[in-house]
Amino acid sequence: MSSAREALSAWLIYLAQERRASPRTLEAYGDNLRRYVGFLEQHQGGPVSAPALGDVTAAELRAYLAFRRQGARPLSPRSLSQTLSSIRSFHRWLDRRQGISNDALALVRGPKVRPGAPRPVSEDQARGLIGEAEADSDREGWEAARDAALLTLLYGCGLRISEALSLTRADAPLEASLRILGKGSKTRIVPVLPAVREAVDAYLAKLPFVLDATDALFRAKRGGPYSPRHAQALMQTLRGRLGLPASATPHALRHSCATHLLGA
């Protein structure tokens with residue numbers, strides 16, 4: 001019978017090797033879960049087995065969160081929410097990989113976190129997201145090129161996802177600028193960087209579908225229009241691989257464009 005700490009080590013190996021989590025993510029998750037297991041050991045008066053993690057009660061988890069909130073270094077509501085998220089992730093893995101389920105933990109809600117303004121990703125993170133999309137071996141070559149083109153367009157032109165997905169085949173190849181109809185039916189002219197044009201050209205060169213001039217430029221796997229939901233799922237996958245926070249969204253790339261332009 002394995003211990004909870006052995007299960008934790010196996011989970012961290014899974015995150016590193018299968019999910020390709022960043023060292024920073026592994027350090028944060030490892031610290032959170034070691035504290036969690038340590039709290040359970042102290043609470044139960046000895047080592048905790050892996051199967052016993054299925055018996056952890058909602059009350060015990062709430063007690064642990066209260067302990068982290070009131071300790072010598074109390075966590076902010078946002079950090080406490082992230083701690084709860086990492087614990088849930090560990091328990092989901094226990095359920096899928098080791099058959100140790102725990103339905104009680106679904107009863108525990110995290111603290112309310114006030115939403116803030118979109119936090120931009122750094123220049124290195126933006127390049128990492130685009131590079132990861134382009135090199136994705138789990139997708140067809142044209143799909144990887146599409147994902148890289150879309151992210152490059154969001155970041156390089158500062159477009160909203162709805163604006164990028166409203167482009168049609170008639171808009172490409174892209175010219176030196178784009179006329180975008182944005183919120184409130186306001187039109188703006190957006191300059192197009194060479195890197196953006198090159199990324200869209202590379203996508204079009206690999207696109208296996210023949211499009212009419214009025215068809216949406218970005219296409220899903222089966223040939224239909226690419227949707228905002230597809231883009232959200234793409235970013236979720238990429239930020240998981242790169243260990244980026246949940247704030248790394250398609251809209252954050254648009255926000256990053258303005259921030260980096262001002263910074264430069």
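**Note on the predicted model: salt bridges, helix packing and nonpolar cores**

1. Arg160, Glu163 and Arg188 are joined in a network of salt bridges. In general, side chains of opposite charge can pair when their charged atoms come close.

2. The structure holds 5 salt bridges. One of them pairs the side chains of Glu41 and Arg5, at 3.0 Å from N to O. Arg5 is partly exposed, at a relative accessible area of 36%.

3. Another salt bridge joins the side chains of Arg35 and Asp31, at 3.1 Å from N to O. Both residues lie in helix H2 and are 4 residues apart, about one turn of the helix. Arg35 is partly exposed, with a relative accessible area of 41%. Asp31 is also partly exposed, with a value of 33%.

4. As for the overall layout, the protein has 10 helices and 2 strands. Read from the N terminus, the elements follow the order α-α-α-α-α-α-α-β-β-α-α-α. The C-alpha trace spans about 70 × 35 × 30 Å along its principal axes. The protein contains 264 residues, of which 43% count as buried. Among contacts with a separation of 6 or more, 64% involve residues 24 or more positions apart.

5. The largest nonpolar core has 44 residues, and the members that touch the most others are Leu151, Leu153, Tyr203, Phe218 and Leu253. Two or more residues each come from helix H5 (123-134), helix H6 (141-157), helix H7 (161-165), strand E1 (177-181), helix H8 (194-206) and helix H9 (228-242). H6 provides the largest share of this core, 10 residues. In soluble globular proteins, nonpolar side chains tend to be buried together.

6. Leaving aside residues up to four places away in sequence, Leu253 touches Val121, Ala126, Leu129, Leu151, Leu154, Tyr155 and Met235. Another core lies apart from the largest one; this other core has 31 residues, including Leu8, Tyr36, Val37 and Trp93.

7. The packing of H5 and H6 can be described in some detail. Their axes come within 7 Å and cross at roughly 160 degrees. H5 is therefore roughly antiparallel to H6, as angles over 145 degrees fall in that class. On the H5 side, the residues in contact are Glu123, Ala126, Leu129, Ile130, Ala133 and Glu134. On the H6 side, they are Ala144, Asp147, Ala148, Leu151, Thr152 and Tyr155. By class, this contact comprises 8 nonpolar, 1 polar and 3 charged residues.

Note on methods: Residues are numbered from 1 along each chain as its sequence is written. This is a predicted model: local features need pLDDT of at least 70, side-chain atom pairs count only at pLDDT 80 or more; totals for chains, interfaces and linings use all residues. Side-chain values use heavy atoms; hydrogens and water are left out. A nonpolar core is a set of buried Ala, Val, Leu, Ile, Met, Phe, Trp, Tyr and Cys residues joined through side-chain atoms within 4.5 Å. Buried means under 20% relative accessible area, exposed over 50%, partly exposed in between (1.4 Å probe, protein chains only). Contact means heavy atoms within 4.5 Å. Axes are lines fitted to C-alpha atoms, for helices over the stretch in contact, and angles run from 0 to 180 degrees between N-to-C directions. Angles under 35 degrees count as roughly parallel, over 145 as roughly antiparallel, 65 to 115 as roughly perpendicular and the rest as oblique. Ala, Val, Leu, Ile, Met, Phe, Trp, Tyr, Cys and Pro count as nonpolar, Asp, Glu, Lys and Arg as charged, and the others, Gly among them, as polar. A salt bridge is a side-chain nitrogen of Lys or Arg within 4 Å of a carboxyl oxygen of Asp or Glu.
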